[in-house]
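The exercises below are to be worked with the sequence and the coordinates side by side. Each one sets a task and then goes through its solution step by step.

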Amino acid sequence: MTATRLTGVRILLVEDYAPIREHLAEWLRLEGASVVPASTGKQALAVAGAQEFDVVLSDLDLPDVPGDVVVRTILSMATRRPRVAIITGAAKVNIAGLHEAGVDAVLPKPFDWSRLIEYLRTGRMAA
């Protein structure tokens, strides 16, 4: 990992499962990103209402507010639209519905780290 690859990128990481949230946050910080973790949809909405992010990286299956609702709400509040990626372990995902909600990319768990980093750096998903 290179500490300068994501320097200056502000990420809101929404993940209810603590081990995944903690590891992802640490790895993203090692890549140079500034990461604000949230464990619930409500917490994510409160944080997003107080500050701007370049990227919202959210789990789809949150315990309190569905991930697509979190995304729609954050996008409606943002003065500058962040890129949005969903990470999910769900077997069936309505990709069209997620894109309609404003999601730019969907990463099924377990996901390829290089694909996530490419998306965070460029806004495009690596093949």
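**Exercise 1. Identify the residues that line the largest cavity, and describe that lining by class.**

Solution. The lining consists of A48, Q51, E52, F53, V56, I74, M77, A78, R80 and P82, where a cavity is a set of points on a 1 Å grid over the protein atoms alone at which a 1.4 Å probe fits but cannot get out, and lining residues have an atom within 4 Å of a point. By class there are 7 nonpolar, 1 polar and 2 charged residues, with Ala, Val, Leu, Ile, Met, Phe, Trp, Tyr, Cys and Pro counted as nonpolar, Asp, Glu, Lys and Arg as charged, and the others, Gly among them, as polar. The volume of the largest cavity is about 70 Å³, and the structure holds 1 cavity of 30 Å³ or more; a volume here is the space filled by probe spheres set on the points, which are joined across faces, edges and corners.

The model is predicted, with pLDDT of at least 70 required for local features and 80 or more for side-chain atom pairs, while totals for chains, interfaces and linings use all residues. Residues are numbered from 1 along each chain as its sequence is written, and side-chain values use heavy atoms, without hydrogens and water.

**Exercise 2. Determine how helix 2 packs against helix 3.**

Solution. Helix 2 (residues 41–50) and helix 3 (residues 67–77) pack at an angle of about 10 degrees, with their axes 10 Å apart; helices are DSSP runs of H or I with at least four residues, strands are runs of E with at least two, and both are numbered from the N terminus. Axes are lines fitted to C-alpha atoms, for helices over the stretch in contact, and angles run from 0 to 180 degrees between N-to-C directions. Helix 2 is therefore roughly parallel to helix 3, a term that covers angles under 35 degrees. In the contact (heavy atoms within 4.5 Å), G41, A44, L45, A48 and G49 of helix 2 meet V70, T73, I74 and M77 of helix 3. These residues comprise 6 nonpolar, 3 polar and no charged.

**Exercise 3. Locate the cis peptide bond.**

Solution. The cis bond joins K109 and P110, with omega about -10 degrees. P110 belongs to the loop between strand 5 and helix 5.

Conventions
Parallel < 35°, antiparallel > 145°, perpendicular 65-115°, else oblique. 1 Å grid on protein atoms, 1.4 Å probe; cavity = no way out; pocket = protein on both sides within 12 Å on 5 of 7 lines; lining within 4 Å.
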